[in-house]
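I opened a new notebook page for this structure.

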Amino acid sequence: MKKLLLFTFILLVATSCKKYPDGPLFSLSSKKARLCRTWISDRYFINGVDKTTPTNPLWTGYKLEFRKNGEVQYYNHPKYNSTAGSWSFDSDKANLSITLDVLNEYSVIERLTSSELWLSKNDGTNVVETHFIAE
């Protein structure tokens, strides 16, 4: 009986810890620790349809390097020209704001693990979701 109660308690705590729609369910690392690394864009979707193709390199292969001090470095594909900026979470860490010289973007965090970052944003009438993998 004690094991059943303990399992139920752990399950309730774990499900209440889930912040992002696509997970993870539970993590021992802080959101900031999971975010602060270099990410490479891997796939992108428009309104849920995978639009990743080798012939459209502008959407894949670029890098974002998040630093713990709130700085972000953007490396453009394919030449990896660099642009500096800043990043911040909103108050409940469900959204991410990225400010660069040419860009001020506010994205919803769909998934944040140590190896995957999925961001979505409204772009006019479309929802664009970009999946990143850790470098």
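I count a residue as buried when its relative accessible area is under 20%. The model I am reading is predicted.

**Entry: a buried tryptophan.** I looked up Trp87 first. Its relative accessibility is 8%, so Trp87 counts as buried. I then checked Phe66. At 3% relative accessibility, Phe66 counts as buried too.

**Entry: the ring pairs.** How many aromatic pairs does the structure hold? I found 4. In one of them, the ring centres of Phe66 and Trp87 lie 5.9 Å apart with the planes at 90°, so I noted this pair as edge-to-face. Phe66 belongs to strand β3 (residues 63-66) and Trp87 to strand β5 (residues 82-89). The two residues are 21 residues apart, and their pair links distant parts of the chain. Trp87 also pairs with Phe89. Here the centres are 5.2 Å apart and the planes stand at 85°, so this pair is edge-to-face as well. Both Trp87 and Phe89 are buried. I also noted a cluster: ring pairs link Tyr62, Tyr74 and Phe132.

**Entry: a charge over a ring.** I turned to Trp118. The charged end of Arg111 sits over its ring, 5.6 Å from the centre.

**Entry: the whole protein.** I listed 2 helices and 9 strands. From the N terminus, the order is α-α-β-β-β-β-β-β-β-β-β. Of the 135 residues, 34% are buried. The exposed surface comes to about 8300 Å², with 56% of it supplied by carbon and sulfur atoms. Among contacts with a separation of 6 or more, 41% join residues 24 or more positions apart.

Definitions and conventions:
Residues numbered from 1 in each chain as written. Predicted model: local features only at pLDDT ≥ 70, side-chain atom pairs only at ≥ 80, totals over all residues. Heavy atoms only, no water. Helix = DSSP H or I, 4+ residues; strand = E, 2+ residues; numbered from the N terminus. Buried < 20%, exposed > 50% of the residue type's maximum accessible area, 1.4 Å probe, protein only. Contact = heavy atoms within 4.5 Å. Areas by Shrake-Rupley, 256 points an atom, 1.4 Å probe, with all protein chains shown as cover. Phe/Tyr/Trp six-rings, centres within 6.5 Å; stacked < 30°, edge-to-face > 60°. Lys NZ or Arg CZ within 6 Å of the ring centre and 35° of its normal.
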